[in-house]
Amino acid sequence: VLTPALSIFYTQAGLSAPDGRCKPFSAHADGIGRGEGVAVLVLRRLADAVDAGLPIYAVIEGGAVNSDGRSNGITAPNRWAQKQVVLHACRDAGVAPEQIDFVEAHGTGTVLGDMIEVKALGDVHGRRSGRDEPCAIGSIKGNIGHTEGAAGIAGLLKAALSLHHGILPPS
């Protein structure tokens with residue numbers, strides 16, 4: 001964040017939170033707050049990590065990627081594309097959506113983007129999916145801001161540490 005150019009753009013586009021804080025999935029959401037971050041994640045095959053006696057914070061059972069498909073722009077993700085990638089990740093991991101208790105989401109704190117993301121996640125993990133208990137949702141951006149290029153890895157590290165410690169920090 002060495003140049004103000006992107007911050008100026010976000011402000012002019014109405015994407016920046018006036019107080020500089022991301023408030024993902026909140027009634028008080030009013031834009032993103034930029035953050036800075038860098039992280040390293042070391043992935044090992046489970047058997048190799050066990051054989052080496054390494055600490056294991058989490059096991060990634062599966063995953064999925066896709067493009068966002070057609071949308072109305074960067075702040076308006078495609079709900080249906082998001083729903084499909086979540087369903088694909090569940091299938092790849094061999095996990096039913098109703099078995100998932102927590103989703104670490106993108107959640108930038110923009111009203112439109114968060115609403116679309118929540119609706120996509122609700123389609124997959126909501127009460128209509130046959131679950132008995134609600135599925136918690138969070139976003140690391142509420143804690144450290146939107147770290148842009150490091151945002152995905154920050155969310156993955158939050159999820160892994162939450163599993164390891166058995167607690168979800170509030171967003």
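**Surface patch, aromatic pair and local contacts**

A nonpolar patch on the surface is formed by L41, L43, I60 and L156. Together these residues have about 370 Å² of accessible area. The model is predicted. Within the patch, L43 is found in the loop between α1 (5–12) and α2 (46–51). L43 has a relative accessible area of 62%. This value is over 50%, so L43 counts as exposed.

The structure holds 1 aromatic pair. Its members are F9 and Y10, with ring centres 5.9 Å apart. The ring planes lie at 50°, so the pair is tilted. The two residues fall into separate accessibility classes: F9 is partly exposed at 44% relative accessibility, whereas Y10 is buried at 15%.

The loop between α1 and α2 also holds F25. The phi of F25 is positive, about 60°, although F25 is not a glycine. Most residues other than glycine have a negative phi. At 25% relative accessibility, F25 counts as partly exposed. A positive phi is also found at E148, where the value is near 55°. E148 is likewise a residue other than glycine. E148 sits in the loop between α5 (141–144) and α6 (151–165). Its relative accessible area is 26%, so E148 is partly exposed.

E104 has its place in strand β1. Two polar contacts of its side chain were examined. In one, a polar atom of the E104 side chain lies 2.7 Å from the backbone nitrogen of I140. In the other, the side chain of E104 meets the side chain of K158 at 2.8 Å. Residues up to four places away in sequence aside, E104 touches G138, S139, I140, G155, K158 and A159.

D101 lies in the loop between α3 (79–93) and β1 (102–104). D101 is exposed, with a relative accessible area of 57%. Neighbours within four places in sequence aside, D101 is in contact with R131, P134, C135 and A136. D101 and E133 are 32 residues apart in sequence. In space, their C-alpha atoms are 8.0 Å apart.

Key:
Residues are numbered from 1 along each chain as its sequence is written. This is a predicted model: local features need pLDDT of at least 70, side-chain atom pairs count only at pLDDT 80 or more; totals for chains, interfaces and linings use all residues. Side-chain values use heavy atoms; hydrogens and water are left out. Helices (H or I, at least four residues) and strands (E, at least two) are DSSP runs, numbered from the N terminus. Buried means under 20% relative accessible area, exposed over 50%, partly exposed in between (1.4 Å probe, protein chains only). Contact means heavy atoms within 4.5 Å. A polar contact is a pair of N or O atoms within 3.5 Å; within protein, one must be able to donate a hydrogen and the other to accept it, and residues adjacent in sequence count only if both atoms are side-chain atoms. Patches are made of residues with over 30% relative accessible area and no salt bridge: like charges are joined within 9 Å, nonpolar side chains (Val, Leu, Ile, Met, Phe, Trp, Tyr) within 5 Å. Accessible areas come from the Shrake-Rupley method with a 1.4 Å probe; for residues, only the protein chains shown count as cover. A salt bridge is a side-chain nitrogen of Lys or Arg within 4 Å of a carboxyl oxygen of Asp or Glu. Rings of Phe, Tyr and Trp (its six-membered ring) pair if their centres lie within 6.5 Å; planes under 30 degrees apart count as stacked, over 60 as edge-to-face and the rest as tilted.
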